[in-house]
Amino acid sequence: MKYGFASKQHEQFPPMVVVSIVNVCNQKCIHCHWPAFAKRAEYKANMMAWDVWTKVIDQMSQHPWSVLNLGTDGEPLMHKRFIDMMRYAKEKKIYPINITTNGILLKGELAETILKEELIHTINVSLDAFKADTYKQIRGTEYAAVHENLLNLIDIRKRLGASNVKLQVNIIDQPEAAAEVADFKAYWTPKVDNVMIRTYYDATHVTGATGPDITGKEKFVQTERWPCTLFWRRITVTDDGGIQYCIDDWYHQSRMGHIDQDTIKEVWQSAKYNQLREYHLKGEQHKNPYCADCTEWQGMRWDFDYFVAMEKMLGKKLL
């Protein structure tokens, strides 16, 4: 396996920018750190400011190979200006745009507008279960409403002829749902463009988190490491405008700059960023304290990551 940038373009600007436009959520999933994060005294609910969003999009518009991926610290559809944000990105010709959502709000006028105006190119709905009781156990809300939203979305797409908007559902192969993975795949495969089975790790236990509510059992165990793909393939902009290298960093310990003072390009090309890449290439990840004890890199393979799923749906090479 060859590690590093896939092209010279990627040396200039990240092939994917993960943007967390909110840090609020309407579910409390057992595999996610958000419920514990939101209980902390210092937590403050936030939605990305408009000027932060436009700075991100304006910078991305100069690099047409860069994918916009909406995640990760909350439910993106909860942002009050979501449609305005997507329209601005479309005006700036950002392509492709992916959203990962729990699907609770993916209905009514919002769903119609997204599909009619083709504001998003790949919609990834996290379901994580096939049976209603398992879904409630894992995600804490009722399955029937989300299931109906998805079936309606499929019908709306067909009615509007919005075939350019691709649909994906995913399930985490975690202990509570492992017995349902096969049925999940069989049921959804004829209905959507892709079914993703995600590798499980317990994200309730995260680097930088402390306190009695921070527990968890990692599926992964330390083994001979490969370089984390994030340093060459993705960068994250947080809801408050921070720029960081780790998508799972709830506490911003991997923050390298801020959109108000730095450009994404400057951070991506910085000497510090390149030093961190060198640590990973040389097997010296321990020299960066944030990466030292991480196991989550084992769920980010170089030969199969989210780019592969998007390429399959879009029929276009992204890396």
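In what follows, Lys and Arg count as positive and Asp and Glu as negative, while His and the chain ends are left out. With that in hand, welcome to this predicted model. The chain carries 40 positive and 40 negative side chains, and the centres of the two sets lie 4 Å apart.

Let us step back and look at the whole fold. The chain is built from 13 helices and nine strands. Its radius of gyration is 19 Å, close to the 20 Å that the globule rule gives for 319 residues, so the chain is as compact as a globular protein of that length. Along the principal axes, the C-alpha atoms fill a box of roughly 50 × 45 × 45 Å. Of the 319 residues, 54% count as buried. The accessible surface comes to about 14400 Å², and carbon and sulfur atoms account for 51% of that area. If you take the contacts between residues at least 6 apart in sequence, 74% of them join residues at least 24 apart.

Now back to the charges. Side chains of opposite charge can pair when their charged atoms come close. How many salt bridges does the chain have? The count comes to 16.

One of them joins Asp260 and Lys55, whose closest N and O atoms are 2.8 Å apart. This pair links distant parts of the chain: Asp260 sits in the loop between β9 and α10, Lys55 belongs to helix α3, and 205 residues separate them. Asp260 is partly exposed, at 42% relative accessible area, and Lys55 is partly exposed too, at 29%.

Helix α3 also holds a partner in another bridge, for Asp58 meets Lys92 at 3.8 Å, N to O. Because Lys92 lies in the loop between α4 and β3, the pair ties together parts that are 34 residues apart in sequence. Asp58 has a relative accessible area of 30% and is partly exposed; Lys92, at 33%, is partly exposed as well.

A further bridge joins Asp303 and Arg301, with 3.1 Å between the closest N and O atoms. Asp303 is partly exposed at 46%, and Arg301 is partly exposed at 39%.

Finally, find Arg234 in strand β7. Is Arg234 buried or exposed? Arg234 is buried, yet it has no salt bridge. The nearest side chain of opposite charge, Asp305, is 4.6 Å away, whereas a salt bridge needs the nitrogen within 4 Å of a carboxyl oxygen. Leaving aside neighbours within four places in sequence, the contacts of Arg234 include Met16, Val18, Tyr245, Trp268, Tyr273 and Asp305 itself.

How values were computed. Residues numbered from 1 in each chain as written. Predicted model: local features only at pLDDT ≥ 70, side-chain atom pairs only at ≥ 80, totals over all residues. Heavy atoms only, no water. Helix = DSSP H or I, 4+ residues; strand = E, 2+ residues; numbered from the N terminus. Rg over C-alpha atoms; globule rule 2.2 N^0.38 Å. Buried < 20%, exposed > 50% of the residue type's maximum accessible area, 1.4 Å probe, protein only. Contact = heavy atoms within 4.5 Å. Areas by Shrake-Rupley, 256 points an atom, 1.4 Å probe, with all protein chains shown as cover. Charge placed at Lys NZ, Arg CZ, Asp CG, Glu CD.
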